Amino acid sequence: MLKRIWPLVVKEFLHLIRDWWMPAFMLFGGAFELLLVGWATSRPISNLPLMVLDQDQSVASRAVVAALENTGTFELEAQAPDLAVIQDALDRGQVNAAVVIPPDFDNEMASFTGRPTLLILLNGAESIPARAALRAIEGATSEMGERITLRRLGLDPEELSGFEPSLRVWFNETLSEALYTTPAELGLMLEFTVLLFAAMSFSRERELGTLEQLLVMPVSSMELIVGKSVPAVLVGFCDFLLMLGMVHFAFGVPVRGSLPLLFILAFGYLLVELSKGMVISVISRTQHQAFLLVMMIGMADFLFTGYAAPVESMPPIIQGVANLVPAHHWLTILRGILLKGATLDELWPNVLAMVGLGLVIGTFSLRYVRRALD
Amino acid sequence: MGVSLRRLWAVARKEINHIMRDQTTFILVLLTPVTMLFLMAYALTVDIQHVPVAVLDSDRSPTSRAFVQRMMEGDDLDLYAYVDSLGEIEDMLMRGTIKAALVLAPGFERDLLTLRGMPLQIVIDGTEPESGGYAVDHIGGRAEAFISELLACHQNGPFQGVMVRHMQPSGVALGSVQAIDLRVRTLYNPSLKPRVDLVPGLISLVLGFPALSVALTLAQEREHGTLEQVMATPIRRAEILLGKMIPYIVVGLVNVIVIPATARVTFRIPFAGSFALFFLLSGVFLFAILSMGMIIGVFIHTQPAALALSFLVVFFPGFFLTGIFFPIAAMPEMMRMEALALPGTHYAVITRGVFLSGAGLDVLWPYGVMLLGLGLAFTAVSALFFKKKLG
């Protein structure tokens, strides 16, 4: 049997070498993309354009402006001459937020019962930066406010300290964004790569009319499937190694758990996605169809992985469905091994689920694809 | 080099026949944008709630119990378990059964009542900080209210007099001592719901899907050997490229009508601006993004490679680099330049403007001009290299 599979594998690799763009994109494209995306987005939000209208022009108001600048979140635009300019800038989406300091700000700060007020205008059309801006403004002003209150109460700041709960972040002490986003992006990139690769396998032969020739050869459908699978898994696994090395060296993502365990589970996950891809490849008549199906199925998986939103926040039915999605368990395993140093002791429910789902999907896929080919 | 409408139409009709003959593909091409919008809008805008939390209460006083009970009210946090040691918390975090933990130190009640502070530590899972961060915000807000109520009940506290005189009338809670009054006014999306601006933003991504198909069609003709025949006719290169784009522009425009309706009905996204303007600018965007797909088709000669590349050039950057999720202002300089070269970046401004702020042409024209410029540039590049690549 091996003797017959080998030429099939060689044939696949000859295809890949002849059309070397495809494996090159699959291998290096994903890693390169991950590098770009990680570099561009795994950082705290900064440089948000902010407009200030200082109607007070006092020491106190200038202190507010300085405090806003010191947050590091904002890029201060030139001072606005009036509210109309601010409104216009917000309408045009040129600024994410604006702060208006009213004329009596200094007096209110100084008087014992005064209530200093700041008007904050946010551009809700971009809610993510708007939230970041509001958070930064609250942070900057609460420190100032605390000082005034203490002064008014005639208290020593030491006496009132400690009403904020202390915070401890586990597994990611510095709360680095790269640490929690890039492993998930790696996991997704891997899924799409393998799905796409596998989905092309038979749909391409069919579209080009060469499937007939393969089927009349003296090889069994099983051997055909194995021959098609070897390159897909190999390219997928190399892609995984490449991306793993990259997130480790470029973004400092640690590997706290066992690397061999991760490799074994990654290999298992690849087989599961491969099985899905194979089914797509025999359903589709053309590569175009296969591609569109991969996009939709991959995206539906993405919904349930917990990358974008925590699964426990979803409605119970959706949580149930999420547990049937291999990518969900894979992402938990990947994060667990890399960031938490988790072992089989902690991960067994996810591993068990992934293996179980894999067996079901794999068996179905094998039977379905064989029947479709025979 | 003039472009003849008659010849353009001939190519377009040929392409339409291709698409219509293969109905499964046609339906898939037509449905992909709306389906993707649906999936992504749901996946990306889940409101965080039911964060599983463990509690380590070493104080075991009425106050600490009341505090924990108060924190767990509502749907935001779910009490997973009371634990007796930090080791248990570590184990649960490791297994992912909890996302955060509250650690109340001994003397919690005494310290609070004597205004010495709040000996509370919140532990969160740094691998999924969205849930943990949400728990921190939630606890911070509730703790503040809890403390001021607690102190109001206990008349014998040392600062009671001061508090009643100065803090209660102005409504300032002692917990945060926030004395500066922030009057926040949020325009266009008053509740700052992410879904309201993500859905219009995502339109710029999902409307780009026909571009992936365009990238394939040229490669397909090459693989099937039919490009040769088309080239043998007196049709000009630019006409072939533009003609091939027309049916996909039509498919895109159908989606331009369907998508705002979907956004409105399913996600309750307002549509503040002019639909005619949206339709027009969407047409310009489709031209730009399809031209981008066409470049791939010109350079790459097989479908799998065209697929892989269009995925990397159109889909992933469209998702991460167009400012839908991560503000472009916060990206490194080089990435900002790349973002400006992506049609989706400009179109996302247009969709959010038209949907949410009701922006008109006076505000949006620069983005429209950018899209037109990008489209013309992309088409010029493809026409130029199409010729050379054939020789």
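Helices (H or I, at least four residues) and strands (E, at least two) are DSSP runs, numbered from the N terminus. By that definition, B:Arg268 falls in the loop between helix H11 (237–267) and helix H12 (275–299) of chain B.

This report concerns a predicted model, in which local features need pLDDT of at least 70, side-chain atom pairs count only at pLDDT 80 or more, and totals for chains, interfaces and linings use all residues. Residues are numbered from 1 along each chain as its sequence is written, and chains are lettered from A and ligands numbered from 1 in the order in which they are written.

**Confidence and domains**

The pLDDT is the predictor's confidence in each residue, from 0 to 100. Chain A has an average pLDDT of 87, and 97% of its residues score at least 70. Among the elements of chain A, the highest mean pLDDT, 95, belongs to helix H10 (residues 259–283), and the lowest, 82, to H6(A).

Domain bounds come from an automatic or database domain assignment. For chain A, the assignment gives domain 1 (2–41 + 176–373) and domain 2 (48–160). The C-alpha centres of domain 1 and domain 2 of chain A are 49 Å apart.

**The interface between the chains**

Two residues are in contact if their C-beta atoms, placed from the backbone, lie within 7 Å. On this basis, 96 residues of chain A are in contact with 99 residues of chain B. Helix H6 (residues 127–153) of chain A supplies the largest share of the side of chain A that touches chain B, namely 17 residues. That side divides into 52 nonpolar, 24 polar and 20 charged residues; here Ala, Val, Leu, Ile, Met, Phe, Trp, Tyr, Cys and Pro count as nonpolar, Asp, Glu, Lys and Arg as charged, and the others, Gly among them, as polar.

Strands also pair across the two chains, where pairing requires that DSSP finds at least two bridges between them.

| Strands | Sense | Bridges |
|---|---|---|
| E4 (residues 117–123) of chain A and E5 (residues 181–187) of chain B | parallel | seven bridges |
| E3 (residues 97–101) of chain A and E4(A) | antiparallel | four bridges |

A:Ile120 in E4(A) stands opposite A:Val99, and A:Ile120 also stands opposite B:Val184 in E5(B). The bridge partner of A:Asn123 in E5(B) is B:Leu187.

**The nonpolar core**

A residue is buried if 20 or more other C-beta atoms lie within 10 Å of its own, exposed if 12 or fewer, and partly exposed in between, with C-beta atoms placed from the backbone. A nonpolar core is a set of buried Ala, Val, Leu, Ile, Met, Phe, Trp, Tyr and Cys residues joined through C-beta atoms within 7 Å. The largest such core has 221 residues, and those touching the most other members are A:Leu50, A:Ala98, B:Val53, B:Ala101, B:Leu202, B:Leu290 and B:Ala308. Helix H7 (residues 177–208) of chain A gives the most to this core, with 15 residues. Not counting residues up to four places away in sequence, B:Val53 touches several residues, including B:Leu77, B:Tyr80, B:Ile98 and B:Ala135.

**Loop residues of chain B**

Most residues other than glycine have a negative phi. B:His50 has a positive phi near 55° and sits in the loop between helix H2 (23–44) and strand E1 (51–57) of chain B. B:His50 is partly exposed, because 19 other C-beta atoms lie within 10 Å. The phi of B:Arg268 is likewise positive, near 55°. B:Arg268 is exposed, because it has 11 other C-beta atoms within 10 Å.
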